[in-house]
Amino acid sequence: MEIPPSGDTPLTHFFEACCKYFRDDPPKGDFPVQKKSPKLCGSNYPLSIAFIVVNEFCERFSYYGMRAVLTLYFINFFHWDENLSTSVYHAFSALCYFTPVIGAIMADSWLGKYKTIIYLSIVYVVGHLIKSVGAIPSLGNQVVHVVLSMVGLFLIALGTGGIKPCVSAFGGDQFEEEHTSERSKFFSVFYLSINAGSLISTFVTPVLRGDVKCFGEDCYPLAFGVPAALMVLALVVFIAGSGLYRKTPPEGNVLLEVCKCIGFAIKNRLKNRSRQIPKRDHWLDWASEKYSKKLIGEVKMVTRVLFLFIPLPMFWALFDQQGSRWTLQATKMNADFGIYVLQPDQMQFLNPLLILVFIPIFDLGLYPLINMCKFNFTPIRKMATGMILAGMAFGLAAIVEVKINETDMPQLVPKESLIQVLNLAKNPVQVTIQDQHLFQQPTEAFQNPAEYSKLILNGEQQSLHFTLQHQGLSLGFNYTVKEKSVYSLIVFEAEGSLSSRLITDLEAKPENGLAAVRFINGLSQDVNLTVDSKRFIAIQKNYSVSEYMLLERDKYDDGRCITEAGEFTLDLGLLDFGASYTVVITNMSRGALQIWKSEDIKANNVHMAWQLPQYLLISAGEVMFSITGLAFSYSQSPASMKSVLQAGWLLTVAFGNAFVLIIAQAAPMAQWAEFVLFTVLLFAVCIIFSIMGYFYVSVDPEDLQEKEEKRETPSRGNMISLITQKTKL
């Protein structure tokens, strides 16, 4: 989540400096600047900023709303596995943080900020529309859906990333030079709109996905369509304020100049490796043949800070898993909060909510209290503390994952299977299986099995002899059992004799918190069942078994059962999160239908509220890490290089997401083990970062720049033997 600055802080000055860099001399041509723009309600705030703030709210609603349901879309709609879904999610997130570099170059070197926002917003809208259309089930096959969705996501990443570095700077451009205090407050309102859009969208879009049904399933077209509509509104609002904006022309991109300077220094040094050539104090001094002392000195300051950025992607690798791994974890938990059943992807709304709560608490309470204790809580220490908190959050996530796995089905290995006995007869039955030492005690009539028993086979499949002892009689049956399969042996009375049937059960919990239910018709006549208004099942008589049906967690007490004898009410009761049920229709008496329900796979018993501590920790870590990191970057670099550091900061987020993609694909492992791995990696990176920070000497950029200007560089006479490129001076 993006962090809003609060009040007159170094972070506010950071964005002011970025905007100051983007402002230009009086523009020419197609970039007229209004000297006096209309004011908002008689204040010193330009009326144009109202359009920019509304635009940003709608755009952030659009982006975060779409991203909130993205992982479940991959799993439920495309039926991808968790690792592939996580990889594509983080590939998209990484692309969203690589493309700001493209947007900044377009704005600074070619189109200007206004036209860049307009053109890339159109690309953004087209991406949303393609993404929404690709989620319509009746439109083509899965290949069509995947292609449309990937094209849509690429365009969205290009749009949202491209306008990211432009909108806030464009808002700062609207203020006149004498209204610096109003500009500072604008940035606070601007980033408040970001978090407001994120907070509302991450709560609303999962409701549109899960609580609204279209095409007989979760309504992903609506969940993507509403963010698309908000992005259209964002574009319309932004264009509506066109006549009020102060528009500045492009004047060249500092980021490109920095890259060229670094590239020239490296290339020049490699071409001049002779021992006869005098050494230089700093490797960037090898760019002095082409670039000015001032630029080289500023690049040196920037590279000092960028070097500290190297370990930072690991924090973002953990942080951005809220929308992937943590959402998948929530699908395996109990989401019933009593008054409201939360969708698993709705838990993400906690992050923007906690950010808005934590910022004033930290700024007005925690940090002053630490200062009162005479503890030197430096920016490096704050960022390291943020890393530790994020690592602790993943440690808690690992513990929660272990508790969740306790209700999972056992992991089967070759030559293993599972079996349980459902005794639907009137009296106890003793079941004996060839070469197996199971079921030492008789199975009572309609006894709900406590757990499955393990069968050990002698190959991939084996024919086993089952013996049933019932009221002094002994009956034998042969069934073929396959490895890594789960079975139920149903025992029943048919035509005055004991009989049995071996049926296949689910091998794992139903995904995404759904409940699975199947029916056994114990009547002597066929039945037609209606579980809800849209699901019809026909089951033949004499203990025929239906296929499994996946249902949302709910109480199902208004089902219907139609038989030759008439129509009856079917009351299944609560079908809970992640459980699997076998429902046996036993008989009809006094105009009512009697059933027996067995819970084959236990329901999710770990409540979703147990995710709250990990969200608290990682949100607190984000406040310490992100706000402090940006403020520290601001304080350690010259004013003309703020945009370069902002680009470097965004790239740390991109590389963090790319790292998650690599881990998910290259090293698949149990989820709890992956959480532990990320915890250990972040703690290790935190130690490295702390060591780097220990040796880092904080400086005042103005003082450092004066020293760089005073430092002597080799004269032209000492460079006769250098190999240099032909350049225009």
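Start with helix H17, residues 671-695, which gives the most to the nonpolar patch, with three residues. Before you click further, keep in mind that this is a predicted model.

**Stop 1: the nonpolar patch.** Select Val 402, Trp 672, Val 676 and Val 680. Together they make a nonpolar patch on the surface, with about 320 Å² of accessible area. Val 680 sits in helix H17.

Stop 2: Which side chain does Glu 674 meet in a salt bridge? Select Arg 325: the N to O distance of this salt bridge is 2.8 Å.

**Stop 3: two strands.** Now select Lys 454 and Glu 416. They form a salt bridge whose closest N and O atoms are 3.8 Å apart. Lys 454 is in strand E5 (residues 453-456) and Glu 416 is in strand E3 (residues 416-423), so the pair ties together parts 38 residues apart in sequence. Lys 454 is partly exposed at 40% relative accessible area, while Glu 416 counts as buried at 13%.

Stop 4: Go to Glu 599 and Lys 602, another salt-bridge pair, with 4.0 Å between the closest N and O atoms. Both partners are partly exposed: Glu 599 has 22% relative accessibility and Lys 602 has 35%. Then select Arg 209, Lys 213, Asp 218, Asp 345 and Glu 552, which are linked in a network of salt bridges. How many salt bridges does the count come to? The answer is 19.

**Stop 5: the disulfide.** Next, pick Cys 214 and Cys 219. A disulfide joins them, with 2.1 Å from S to S, and the structure holds one disulfide. A disulfide is a covalent bond between the sulfur atoms of two cysteines. This link is right-handed, with 110° about the S-S bond, and both Cys 214 and Cys 219 are buried.

**Stop 6: the negative patch.** Finish with Asp 554, Asp 557, Asp 558 and Asp 571, which gather in a patch of negative charge on the surface. Asp 554 lies in strand E15, residues 554-556. At 41% relative accessibility, Asp 554 counts as partly exposed.

Methods:
Residues are numbered from 1 along each chain as its sequence is written. This is a predicted model: local features need pLDDT of at least 70, side-chain atom pairs count only at pLDDT 80 or more; totals for chains, interfaces and linings use all residues. Side-chain values use heavy atoms; hydrogens and water are left out. Patches are made of residues with over 30% relative accessible area and no salt bridge: like charges are joined within 9 Å, nonpolar side chains (Val, Leu, Ile, Met, Phe, Trp, Tyr) within 5 Å. Accessible areas come from the Shrake-Rupley method with a 1.4 Å probe; for residues, only the protein chains shown count as cover. Lys and Arg count as positive and Asp and Glu as negative; His and the chain ends are not counted. The place of a charge is taken as NZ of Lys, CZ of Arg, CG of Asp or CD of Glu. Helices (H or I, at least four residues) and strands (E, at least two) are DSSP runs, numbered from the N terminus. Buried means under 20% relative accessible area, exposed over 50%, partly exposed in between (1.4 Å probe, protein chains only). A disulfide is a pair of cysteine sulfur atoms within 2.5 Å.
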